[in-house]
Amino acid sequence: MPAKTIPVIETERLILRGPEPEDYPNFKHTFSSYRSRFMGGPLNAYETWMLYAAEIGHWQIRGYGMWMIHDKITDETYGMAGGWQPARWPEREIAWIIWPDKAGKGYALEATHAVRGYFYRNGWETAVSYIDPKNLDSIRLAERLGARKDPEAATIDGNDAVYRHPAPRALENSQLAHGIEMEIGHYADPLFKPKGWAID
């Protein structure tokens, strides 16, 4: 699926578009850094290039994939969010990553909530997120999205924790969904100053 035909998702602050060649430098910087330690990194230049090629090719093979997260006003990229199921993944995953200097501003929450809604409107009945047990930021984000650890679900390699997202019917018009929207609204408020540790 060429990037030009990948659906575009808009939120209050963000535009999510398919990955393009010009997005690669930010991707390379992140996946060659310590930020990617819970996703197989840091990667060398060849590994990073191959992974980015896989991000683009995943749309061709699966018909879904990861979107680049762009600022709606400046078009700056903040990270990626979307669906992911390479070979040997037991289930379709909802995944995300935010560039190191953009964490703590609610972009991952806003983008991931939007892509999950897109997938649920287009036939997904369930989704998981495979998370390294030491990746506390991602675990907190998954829990804020309503995902819960599923000890019965198959893991990728036995070293990851599987977080099961609420089913579409459980999420629709729920207190959880309203709470997520409220939190996103806080981050969008220019006067909102979150305290404590930066979380995605």
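**Close-ups of ring pairs and salt bridges**

**View 1. Ring pairs link W59, Y64, W67, Y118, F119 and W124 into a cluster.** Rings of Phe, Tyr and Trp (its six-membered ring) count as a pair if their centres lie within 6.5 Å; planes under 30 degrees apart are stacked, over 60 edge-to-face, and the rest tilted. This is a predicted model, where local features need pLDDT of at least 70 and side-chain atom pairs count only at pLDDT 80 or more, while totals for chains, interfaces and linings use all residues. Residues are numbered from 1 along each chain as its sequence is written, and side-chain values use heavy atoms, leaving out hydrogens and water.

View 2. W59 is buried at 2% relative accessible area (buried is under 20%, exposed over 50%, partly exposed in between, using a 1.4 Å probe and protein chains only). W67 is buried too, at 0%.

**View 3. Y78 and Y107 are stacked, because their planes are at 15° and their centres 4.0 Å apart.** Y78 belongs to strand β4 and Y107 to helix α3, so this pair ties together parts 29 residues apart in sequence. Helices (H or I, at least four residues) and strands (E, at least two) are DSSP runs, numbered from the N terminus.

**View 4. R144 and E183 join in a salt bridge, 2.5 Å from N to O.** The term means a side-chain nitrogen of Lys or Arg within 4 Å of a carboxyl oxygen of Asp or Glu. R144 is in helix α4 and E183 in helix α6, 39 residues apart. R144 is buried at 17%, whereas E183 is partly exposed at 22%.
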